[in-house]
Amino acid sequence: MNPKVSIITATYNSAEFIEALFACLLNQTYENWEWLITDDCSKDNTWSLLEKIAAQDSRVCIKKNNLNQGAAVSRNESLSRAKGEYLAFVDSDDLWHPEKLSKQIAFMQENQYNFTFTAYRLINEQGVVLNKEIDLRNKKTSFTYSDMLCKRATLGCSTVVIKKDIISDMTMPLLRTGQDYAFWLKILKQQKTAYLLQECLTDYRIVQNSISRNKLKKAARQWQIYRDVEKLNFLKTVYSFANYAYRAVFRG
């Protein structure tokens, strides 16, 4: 049984990488997917490349925001159009290994898991593999809401696959960054568990000067999610943030 997978992507000025991502989707050994891409008013030629890509494959569904509104709005737009039984997420500058979907869907079906993620490795802007693997050697393989408050796994966005019917609210919180993490928390808070497939099946691209690379902004975002989104009290926020900070430093 090969249920449809809806692949969710937000793009903004992604012309340098978007064709490589499409190529890796074409190389997936799992073929029953749709790719839902929402462009956030790119200023480069991302949109023209997306039009070219959509013309090549009927599984590709593209849309453009009327205004630049951020990744959360773009991902929510794609989520609203998802028809698949499973939701997968991939950022426009990341890459999947050819067996990523096949292995992950099989992992979910064999174990009756509804929320999974995989380990991943880092690559640089040119696609060169760096000597860094994330979540591969994590001693835990299942993660609750409390675990993820303390960031006991990185849970990379481009590694996640979720069975759609376990999600009661299909919208990511409207944050400029970190909306994916806040979305995972929202799902896990409903007595759900995320399971780790300990194999590197995604390449996460380190893009210099991207908003996600600023560690001070990431720390401020983390605090904001604890206080404004999760509504944690001050002591719980401090405890969770201390765990997050320790792991951020330890992981480098």
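**Entry 1, the layout.** I started with the spacing: the centres of domain 1 and domain 2, taken over C-alpha atoms, are 23 Å apart. I am working from a predicted model here. The domain assignment puts domain 1 at 5-209 and domain 2 at 214-251. I then looked up who takes part in the contact, and found 17 residues from domain 1 and 15 residues from domain 2.

**Entry 2, the buried area.** Between domain 1 and domain 2 I get about 1400 Å² of buried area, with 57% of that coming from carbon and sulfur atoms. Which residues of domain 1 lose the most area to domain 2? They are Leu-149, Cys-150 and Lys-151, and together they make up 35% of what that side buries.

I counted one salt bridge between the two domains. Glu-230 and Lys-189 form a salt bridge, with their closest N and O atoms 3.5 Å apart. I also noted four residue pairs in polar contact between domain 1 and domain 2.

**Entry 4, the domain 1 side.** Strand S7 (129-134), helix H5 (145-149) and helix H6 (179-188) each bring at least two residues to the side that touches domain 2. H6 gives the most, with three residues. Sorting the residues of this side, I have ten nonpolar, three polar and four charged.

Is H6 largely enclosed or open? Nine of its ten residues are buried, so H6 is largely enclosed by the rest of the structure. Among the buried ones I wrote down Tyr-181, Phe-183, Trp-184 and Leu-185.

My search of the whole structure turned up 15 salt bridges. I picked out a few to follow.

- Lys-52 and Glu-19 meet at 3.5 Å, N to O. Lys-52 sits in helix H2 (residues 46-56) and Glu-19 in helix H1 (residues 18-26), 33 residues apart. Lys-52 is partly exposed at 45% relative accessible area, and Glu-19 is partly exposed at 36%.
- Glu-77 and Lys-63 meet at 3.3 Å, N to O. Glu-77 is in helix H3 (residues 71-80) and Lys-63 in strand S3 (residues 60-64), so this pair ties together parts 14 residues apart in sequence.
- Glu-199 and Lys-103 have their closest N and O atoms 2.6 Å apart. Glu-199 belongs to strand S10 (residues 194-205) and Lys-103 to helix H4 (residues 100-111), so the pair ties together parts 96 residues apart in sequence. Glu-199 is partly exposed at 28%, as is Lys-103 at 30%.

Terms used
Residues numbered from 1 in each chain as written. Predicted model: local features only at pLDDT ≥ 70, side-chain atom pairs only at ≥ 80, totals over all residues. Heavy atoms only, no water. Domains from an automatic or database assignment. Contact = heavy atoms within 4.5 Å. Buried area = accessible area lost by both parts, 1.4 Å probe. Salt bridge = Lys/Arg side-chain N within 4 Å of Asp/Glu carboxyl O. Polar contact = N/O pair within 3.5 Å; in protein donor to acceptor, adjacent residues only side chain to side chain. Nonpolar A, V, L, I, M, F, W, Y, C, P; charged D, E, K, R; others polar. Buried < 20%, exposed > 50% of the residue type's maximum accessible area, 1.4 Å probe, protein only.
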